[in-house]
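Try each task before you read its solution.

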Amino acid sequence: MNPAASQRVTLSPSTLNHVRRLELRVRKHVEALAPGAYRSAFKGRGIEFSDLREYTPGDDVRSIDWNVTARAQTPFVKLFIEERELTVTLAVDVSASTLFGSTIRTKAAAITELAAAIATISHDANDRTGLVLFADHVVKSIASGKGRAHYMQILHELVHAPQLNTPTDVRALAQQLGRTHRKRSLMFIISDFLVPENTEHRQLTQALGPLARKHELVAIRITDPAESSLPKMGLLQLVDPETGQRTLIDSSNKRVREAFRTRSTQRARKIERAIMQAGANYASISTDDNLGLQLANLLHRIQANAPLSAGAAQ
């Protein structure tokens, strides 16, 4: 599908009911946030570059201009002019692996609810919001905008997002965002980040690094408990939804379960390390978590400039 911005859609009564039910559902998540949590986390960091000055203790190290610092041989920080309005971009993974779920919701459902909750917060703050659906390519893109009609369109696209039988490729997403988002913005990438294991560390760091340097980037990994803990159920055939590869294992064997858990933990740490090395904020949220509380925790950590690696399951 051409990743051009979609036209305004007219919602049928049935579709409108689905969209409104999603809005009501995510409103409960938004209510879990402390008043002003979103603005405190992201407002005041500045959007437009203004000037440079020498670094002083207490400055945010992320504002250091490394090129000027190298030339001057002393740290310099960038100064920004605060804008009242943020541009928020939601990048939502619709690859095959997100269809997995062993709890009250699939990963795709958790991604949809979380994206809708962030869109609701952005709409309430009168910020501009855009949406990008991606898998191994950018599937659909909605340019940033504001207003009730635009907000409902984003919820509609989330409700009816296609689930593709393809793998995740963050590089394609990053390249598209790099071309289309020239102005500094706030970006949320919500995905399970299950790119091929032999390339994920290099791929994620190289893909997300340029975005994190130019934009405020938040990467949220959605996980499922069954991906890190194998149930004791005898012979099981595991199927990789993105490659179709099948593996037969004996889950009643303790060593097999421990090996599965160890490999899952190592992969989770590898993904986390790659994303944080790129300079992005990172959080991991499980499908059985309270999404509202986890979102509140994420915003609190960003506000406090604390590491965002804490999350569920991992």
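## Exercise 1: The sheet

Leu-186 faces Glu-216 of strand 7 across the pairing. The model is predicted.

**Task.** Find how strand 6 and strand 7 pair, and over how many bridges.

**Solution.** Step 1. Locate strand 6 at residues 186-191 and strand 7 at residues 216-223. Step 2. Compare their directions: the pairing is parallel, over 6 bridges.

**Solution.** Step 1. Read the strand order, 5-4-3-6-7-10, in an open sheet of 6 strands with mixed pairing. Step 2. Step 3.

## Exercise 2: Helix 4 and the cores

**Task.** Compare the span of helix 4 with the expected value, and state how many of its residues are buried.

**Solution.** Step 1. Helix 4 covers residues 107-124, 18 residues. Step 2. At 1.5 Å a residue, 26 Å is expected. From first C-alpha to last, helix 4 reaches 26 Å, close to that value. Step 3. Count burial, meaning under 20% relative accessible area: 15 of the 18 residues qualify. Step 4. Look past the helix to Asn-126, with a positive phi near 65°.

**Task.** Which element gives the largest share of the largest nonpolar core?

**Solution.** Step 1. This core has 48 residues; Tyr-38, Phe-42, Phe-188, Ile-190 and Ile-220 touch the most other members. Step 2. Helix 4 gives the largest share, 9 residues. Step 3. Another core, of 26 residues, lies apart and includes Val-132, Leu-177, Leu-217 and Ala-274.

Technical notes. Residues numbered from 1 in each chain as written. Predicted model: local features only at pLDDT ≥ 70, side-chain atom pairs only at ≥ 80, totals over all residues. Heavy atoms only, no water. Pairing = 2+ DSSP bridges. Helix = DSSP H or I, 4+ residues; strand = E, 2+ residues; numbered from the N terminus. Expected span 1.5 Å × (residues − 1). Buried < 20%, exposed > 50% of the residue type's maximum accessible area, 1.4 Å probe, protein only. Core = buried A, V, L, I, M, F, W, Y, C linked by side-chain atoms within 4.5 Å.
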